[in-house]
Amino acid sequence: MIVQANIVEVFSSIQGEGKYVGYRQVFVRFSGCNLKCKYCDTLVSHAPYKYCMTEKDAGLRQFIQLKNPVPVALLAEHINHLLLTPHHSISFTGGEPLYRADFIHALAAHLDCKLFLETNGTLVGELAKVIDDIAIISMDIKLPSITGKELWNEHRDFLMLARQKELYIKLVVSAETTWEEFHKAIDLIKDIDSSIPFIIQPVTPVNGCNACSADDVLQYQKCALEVLQDVRVIPQTHKMIGQM
Ligand code: SF4
């Protein structure tokens with residue numbers, strides 16, 4: 001069993017995206033991802049990091065360096081120290097945290113707090129290793145215009161397994177989004193379970209990825225509401241208020 005992993009950073013902050021926006025979480029950001037999305041704001045975290053920047057006390061923004069790869073027991077100790085301040089949950093993010101599913105499973109045994117997974121929704125075999133440990137899954141649907149790949153089958157398999165937990169789906173829309181792929185995404189969800197909460201997230205422009213118009217956002221929501229029961233539009237809020 002893998003008991004160490006390359007971690008980018010560990011810190012306390014406010015969830016800025018999706019259904020749990022505004023909740024206080026400890027974030028554990030893993031390096032590495034199987035995709036390269038145009039709008040990725042953490043592409044830099046795809047390569048291994050020499051050190052993991054770990055917040056000393058929750059929200060004080062003073063960091064110590066832990067040498068990577070970090071052993072499970074040492075990481076758990078630091079996370080549990082941050083949890084002396086009340087938090088809603090621990091968010092595993094990245095990169096793609098399911099790249100380190102064995103590590104997450106081992107880490108879960110040391111933590112007494114709800115575990116929240118932020119994932120690109122493509123690695124179903126890895127999800128199976130941690131599904132019993134995770135309380136809430138925030139799954140992205142990644143569109144071909146953003147990844148350069150068709151991932152519909154991967155997303156379908158992932159959804160079928162993930163729906164046994166509390167689950168919501170996020171989809172980032174940008175000027176590059178096409179109606180054809182948007183329809184495919186909402187039909188995929190509808191065919192599995194139309195009651196899964198669906199969050200449309202207008203892109204925060206980055207790396208030449210442009211925002212879609214305000215009119216388009218309204219049309220995307222209208223179109224999704226015709227087939228899904230719970231559809232919201234929520235932008236990235238942590239960037240508006242200067243949070244990590
Ligand atoms: S899946 Fe997430 S971490 Fe990976 S490239 Fe896309 S946005 Fe970045």
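Guide: This is a predicted model. In the largest pocket, β2 gives the most to the lining, with 3 residues.

Visitor: Which strands each supply at least two residues of that lining?

Guide: β2 (7-14), β3 (24-30), β8 (115-119), β9 (136-140) and β10 (166-173).

Visitor: And how many residues line the largest pocket, and which lie nearest its centre?

Guide: The lining has 38 residues, and Glu17, Asp41, Thr42, Thr93 and Gly94 lie nearest the centre. By type, the lining residues are 13 nonpolar, 14 polar and 11 charged.

Visitor: How much space lies in the largest pocket?

Guide: About 710 Å³.

Visitor: Switching to rings. How many aromatic pairs are in the whole structure?

Guide: The search finds 10 aromatic pairs. In one of them, tyrosine 20 and tyrosine 23, the ring centres are 5.3 Å apart and the planes meet at 55°, so the pair is tilted.

Visitor: Is tyrosine 20 buried or exposed?

Guide: Tyrosine 20 counts as buried, because its relative accessibility is 10% and the cut-off for buried is under 20%. Tyrosine 23, at 39%, counts as partly exposed.

Visitor: What about tryptophan 179 and phenylalanine 182?

Guide: Tryptophan 179 and phenylalanine 182 form an edge-to-face pair, 5.9 Å centre to centre with 80° between the planes. Both lie in helix α6 (residues 179-192), 3 residues apart, about one turn of the helix. Phenylalanine 182 is buried at 0% relative accessible area, whereas tryptophan 179 is partly exposed at 34%.

Visitor: Which residues form an aromatic cluster?

Guide: Tyr20, Tyr23, Phe116 and Tyr168 form one.

Notes: Residues numbered from 1 in each chain as written. Predicted model: local features only at pLDDT ≥ 70, side-chain atom pairs only at ≥ 80, totals over all residues. Heavy atoms only, no water. 1 Å grid on protein atoms, 1.4 Å probe; cavity = no way out; pocket = protein on both sides within 12 Å on 5 of 7 lines; lining within 4 Å. Points joined across faces, edges and corners; volume = space filled by probe spheres on them. Helix = DSSP H or I, 4+ residues; strand = E, 2+ residues; numbered from the N terminus. Nonpolar A, V, L, I, M, F, W, Y, C, P; charged D, E, K, R; others polar. Phe/Tyr/Trp six-rings, centres within 6.5 Å; stacked < 30°, edge-to-face > 60°. Buried < 20%, exposed > 50% of the residue type's maximum accessible area, 1.4 Å probe, protein only.
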